[in-house]
Amino acid sequence: MTKLTKHRPREALDADAFVEAVQAVLDYLWEDEQRHHSEQDSADQPHIFHSLQVIREWLSDLRAEARQVEATEPSTPAAQTASTVKNEDGVGASRKITLHEGDCGTYTIEAEDGRTMLIQTDWDYPGVASIFGWRPCPCGETDGTVDCPHRTASEMIAEAGEFLNDHIGDTAEDPGYFEE
Ligand SMILES: [Zn+2]
């Protein structure tokens with residue numbers, strides 16, 4: 001049993017080695033190229049740093065996928081949930097946010113580590129409400145802040161506000177409010 005899980009197929013080994021090599025090259029180039037990029041300051045010249053960013057994104061996707069595959073292997077304890085696996089090193093981490101009532105008709109959202117963010121303007125209601133499951137219009141043509149053929153923005157903003165009132169204390173996955 002232990003032998004089987006340790007002895008991985010050749011293909012998998014090669015893929016691991018490849019990913020490690022790309023990561024090493026990336027780490028090696030990252031800081032320098034990032035500095036060059038911010039010094040360069042001209043948008044019409046494609047810079048190598050953009051390519052590095054693309055590679056890094058692709059790499060982190062690949063690793064998240066690999067972890068999910070590992071998580072579904074029978075040797076992994078069943079108690080390990082998908083979210084703890086994803087949180088292992090913060091790449092593609094999923095964090096929870098909680099909706100709270102603020103002062104004077106405002107709302108706050110709180111991260112798991114205690115950081116909070118104030119939701120102050122009506123225009124933010126549709127975006128926040130969407131995170132907690134609200135849908136502006138079934139047509140999908142609006143995010144709730146612009147009119148669609150069926151509904152006006154003010155109508156949807158008001159509805160989003162009511163939705164938030166009804167969902168104080170709810171938690172949802174952070175779509176990126178508290179990303180560092
Ligand atoms: Zn519509």
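Predicted model: local features only at pLDDT ≥ 70, side-chain atom pairs only at ≥ 80, totals over all residues.
Let me start with Leu-99, which, leaving aside residues up to four places away in sequence, touches Tyr-107, Ile-109, Phe-132, Leu-164, His-167, Ile-168, Gly-169 and Asp-170, where contact requires C-beta atoms, placed from the backbone, within 7 Å. Residues are numbered from 1 along each chain as its sequence is written.

Leu-99 also belongs to the largest nonpolar core, a group of 12 residues that includes Ile-97, Trp-134 and Met-156; such a core is a set of buried Ala, Val, Leu, Ile, Met, Phe, Trp, Tyr and Cys residues joined through C-beta atoms within 7 Å, and buried means that 20 or more other C-beta atoms lie within 10 Å of a residue's own. At least two core residues come from each of S1, S2, helix H5 (125-131) and helix H6 (153-166), with helices (H or I, at least four residues) and strands (E, at least two) taken as DSSP runs numbered from the N terminus.

Turning to the sheet, its 4 strands are arranged in the order S3-S2-S1-S4, open and with antiparallel pairing, and pairing means that DSSP finds at least two bridges between two strands. S3 and strand S4 (171-173) each have a single partner strand, so one side of each edge strand is left without a neighbour in the sheet.

Strand S1 (residues 96-101) is joined to S2 by 5 bridges, and Glu-101 has Tyr-107 as its bridge partner. S2 and S3, in turn, form a hairpin with 4 residues between them, and Gly-114 in the turn has a positive phi of about 100°.

Terms used: Contact = placed C-beta atoms within 7 Å.
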